[in-house]
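Dear colleague,

I am handing over the structure below, and I would be grateful if you could read the notes that follow beside it. They concern the two ligands and what surrounds them.

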Amino acid sequence: MSITTDNKLIAKSGPLKLVGDMILARDGHLTRELLLEPAKFGLGKTREAESPDATTTAVCGFCSTGCGLEIHLKEGRAVTLTPATDWPVNLGMACPKGWEALTVLNSPDRATRPLKKNANGKLEPTSWDDALKTFCDQLKGVQSRHGNDSVAFLSTGQIATEEMAFLGSLAKFGMGMLHGDGNTRQCMATAATAYKESFGFDAPPFSYADFEESDTLVFIGSNLCIAHPILWERVLRNPHKPEIIVIDPRLTETAQAATTHLQIQPKSDLTLLYTVANLLIQNDWIDRDFIAQHTNHFDEFAQHVAAYTLERAVERTGLPEQTIIDFAEKIHRGERVSFWWTMGVNQSHEGVRTAQAMINLALMTGNIGRPGTGANSVTGQCNAMGSRLFSNTTNLLGGHSFTNPADRQKVADILEIPVERIPTENSWAYDQIIEGIKEDKVKGLWVIATNPAHSWIHQNGLHEILQKLEFLVVQDMYTTTETAQLADLVLPAAGWGEKEGSFINSERRFGLHKKVSPAPGEALADFQIFRAIAGYWGCGDMFSKWTAPERVFETMQQLSQGQPCDISGIGGYQDLDDRRGVQWPFAAGETDIASERRLFADGQFFHADQKAKFRFEETRLPGETASEEYPFTLLTGRGTAAQWHTQTRTAKSGVLRKLYPNMLQVDLHPADAKELGIAPHEEIFVESKRGVIKAHANLTAAVQRGHVFMPMHWETVNQLTFAEFDPYSRQPSYKNAAVRLRRRQDG
Ligand SMILES: Nc1nc2c(c(=O)[nH]1)N[C@H]1C(S)=C(S)[C@@H](COP(=O)(O)OP(=O)(O)OC[C@H]3O[C@@H](n4cnc5c(=O)[nH]c(N)nc54)[C@H](O)[C@@H]3O)O[C@H]1N2
Ligand SMILES: Nc1nc2c(c(=O)[nH]1)N[C@H]1C(S)=C(S)[C@@H](COP(=O)(O)OP(=O)(O)OC[C@H]3O[C@@H](n4cnc5c(=O)[nH]c(N)nc54)[C@H](O)[C@@H]3O)O[C@H]1N2
Ligand code: SF4
Ligand SMILES: [Mo]
């Protein structure tokens, strides 16, 4: 193949046909070489390491900690990796998943060719050309029969920010969809909503340095030792002999390492936090100056929490009175108190108000904007923060609003598209999209880098609902995921290490991951798949400038200008690498920014009057509670540091497999086991109103009596969960279902 002077591509088989800016060989077959290496043909640049035996840094693609990993290349391909010692996040450390990040790329079930369902309902390989035509024909067909909004997409917090922006723009502006959401809904929607209401923007205020600078750290519903091991390492580096208070119904690894463990009843956090607020006010342990200058609605809040008496808290939380008083005193005594939360809060029927109850405590005690303080949501997936800002799902690109005409015009001008292409309404949330399928309103679904058939709440319901779709496309690295198995079309995607782009970690730090390994077979970077789809769909012109991730990053920078998440000061990808990642904001014109920065040092929040808001509401019981028939409360979450979610990736490493139990276990208190006659390791039935599954009894006093815990990494667990959602964030409450236990021999 060669390029003539007038830039026409000549293949051995004859000239190539241009579709949008996508190139097809004469026989209509898409040349993979062109998609993979557009630079070779002057179609945009992909970055490769300069020297074939170089070392290059890439941010880890599992959790939101965002560790820097040095990837060592031989002849241009990654051979091994080591944690980066100069990356400000991990300082030379990595957890087992990071160490094994390259291994999981090699697996016989990698998707290497597009797969299409044949007449017998079996997935079989097809060409990219056929797959892309099928994608367009089928989804356009659905739209012409049922309207544009009958096709929706479910995206992810695990692809590059540039890919998210491409997907969201392609789907909504190019293909005319209205509804698209992502797995970030399962994960971060509560924190995002809480921050937005309280601070005026979805702005986690902290930097990881705060773990080391705090003298009192409060972790609520966060098992850092397992879920963010390297952040726990940062806590261990704290030189101030800090108080570490862990609030969790289970005696987790993190709780064991704490100085105080408040082993509360599940879903009683809000009562506890309001009671503590009441105690702080009663004792006048609050920062009245900060409250007056920088917040609104404190008086109403004080009135509200006055009803939260110790008696009430003892009753709801199960904690002794003195423990609650001690907790309030520790907050008062601490000079630099930080509040941290993760899924034990976000995944709750009243998650938003619970997150805000922590924000309220930080505000009323002036524990924000100073080193070692803050109300800090620890993110989950490597790029959940990217999806919150740039996936074009719950908000318009760059933290803008679909319903704001000025925002729409700004985005249209930057993207050089007609403003009419931008929806004027918000999308349905994930659960509403699923409900839409049930009600025959959504008939086509495109799922990218998420595995809802395993991870969505009340799974049996979902499986039935997905069967109702006229067309389901799944874009994944592996063919064996529970969702890919249900698909009509599978698009094979390159994974982390096989493509490039940026991630944003928990502390708002942008960092890059790189292409250090070729994707297997015909698998393509999601970015290239979106480019190809744009071309085949007929909206390639709209994306003619979206030739490479770095070009899209430049567009994101323009979009961010004037927003709290302004990143216009970053000098491109090289600068991101040179600076070892950059936290937002970094606006053009700023110089000398520190590597680790927190927000709100000036007490100015993002609401129009620059004040933060106290938000609160009466506490409620969850929609399902333990009963005589189903006497146990089921908690779910992360099992081990070596397992990632639905296990499509981590199960592929022999090293990681050795680090976690090889069978599904249910943690059960020994006294409960004794009462039920259940022996250690016995396989038992765990049953909720929605399903019954088998699991091996793991007898441990880490769970309280009347509770059981199961890791989410086994596909059956979500057969039991109860589909309830926070009314504001619409995040599922995965950590609350009523179940009963049965010995198998009892039938
Ligand atoms: N190894 C590993 N690490 C991961 C992940 C993974 O799959 N594997 N996933 C990443 C992602 S996406 C996320 S979102 C994070 C999640 O990180 P975490 O939220 O820390 O992990 P979980 O185990 O889901 O939940 C944390 C704790 O919440 C507790 N909990 C349950 N109900 C309540 C309650 O009512 N109140 C309180 N206070 N606590 C409660 C549980 O007992 C559990 O210990 O982890 C990230 N890191
Ligand atoms: N019971 C229970 N359920 C839960 C939770 C819980 O605590 N309890 N937690 C919830 C939370 S917080 C989360 S975040 C979700 C996670 O739920 P999911 O998002 O469904 O879980 P993952 O296994 O991370 O799925 C990611 C998918 O993307 C694929 N993939 C990875 N990288 C790429 C890529 O670059 N491109 C493409 N195209 N595909 C890729 C993987 O192979 C995998 O199939 O689970 C939720 N479900
Ligand atoms: S802590 Fe998270 S980011 Fe760091 S190596 Fe482990 S999985 Fe990767
Ligand atoms: Mo998550």
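**Ligand 2 and its surroundings**

An oxygen atom of ligand 2 has a polar side-chain atom of W644 at 3.3 Å, which falls under the heading of a polar contact, here a pair of N or O atoms within 3.5 Å. Before going further, please note that this is a predicted model, in which local features need pLDDT of at least 70 and side-chain atom pairs count only at pLDDT 80 or more, while totals for chains, interfaces and linings use all residues. Residues are numbered from 1 along each chain as its sequence is written, chains are lettered from A and ligands numbered from 1 in the order in which they are written, and side-chain values use heavy atoms, with hydrogens and water left out.

Two further side chains reach ligand 2: an N or O atom of the K499 side chain is 2.8 Å from an oxygen atom of the ligand, and a polar side-chain atom of N718 is 2.8 Å from one of its nitrogen atoms. On its own ligand 2 has 920 Å² of accessible area, of which the protein covers 99% (Shrake-Rupley method, 1.4 Å probe).

The shell of ligand 2 holds 35 residues, the closest being N183, S455, D476, D526 and T646, where a residue counts if one of its heavy atoms lies within 4 Å. By type, these residues divide into 11 nonpolar, 18 polar and 6 charged, with Gly counted among the polar ones. Domain 3 (115-180 + 383-583) and domain 5 (632-746) each give at least three residues to this shell, the domain bounds coming from an automatic or database assignment.

**Ligand 1 and its surroundings**

For ligand 1 the contacts listed here are with the backbone: nitrogen atoms of the ligand are found 2.5 Å from a polar backbone atom of Q643 and 3.0 Å from one of I247, whereas an oxygen atom of the ligand lies 2.9 Å from a backbone N or O atom of H645. The protein buries 100% of the 900 Å² that ligand 1 exposes when taken alone.

Around ligand 1 there are 33 residues, of which A227, K267, D269, M343 and Q643 come nearest, and the shell is made up of 12 nonpolar, 14 polar and 7 charged residues. Which two domains does ligand 1 lie between? Because domain 4 (189-377) and domain 5 (632-746) both give residues to the shell, ligand 1 lies between those two.

How values were computed. A polar contact is a pair of N or O atoms within 3.5 Å; within protein, one must be able to donate a hydrogen and the other to accept it, and residues adjacent in sequence count only if both atoms are side-chain atoms.
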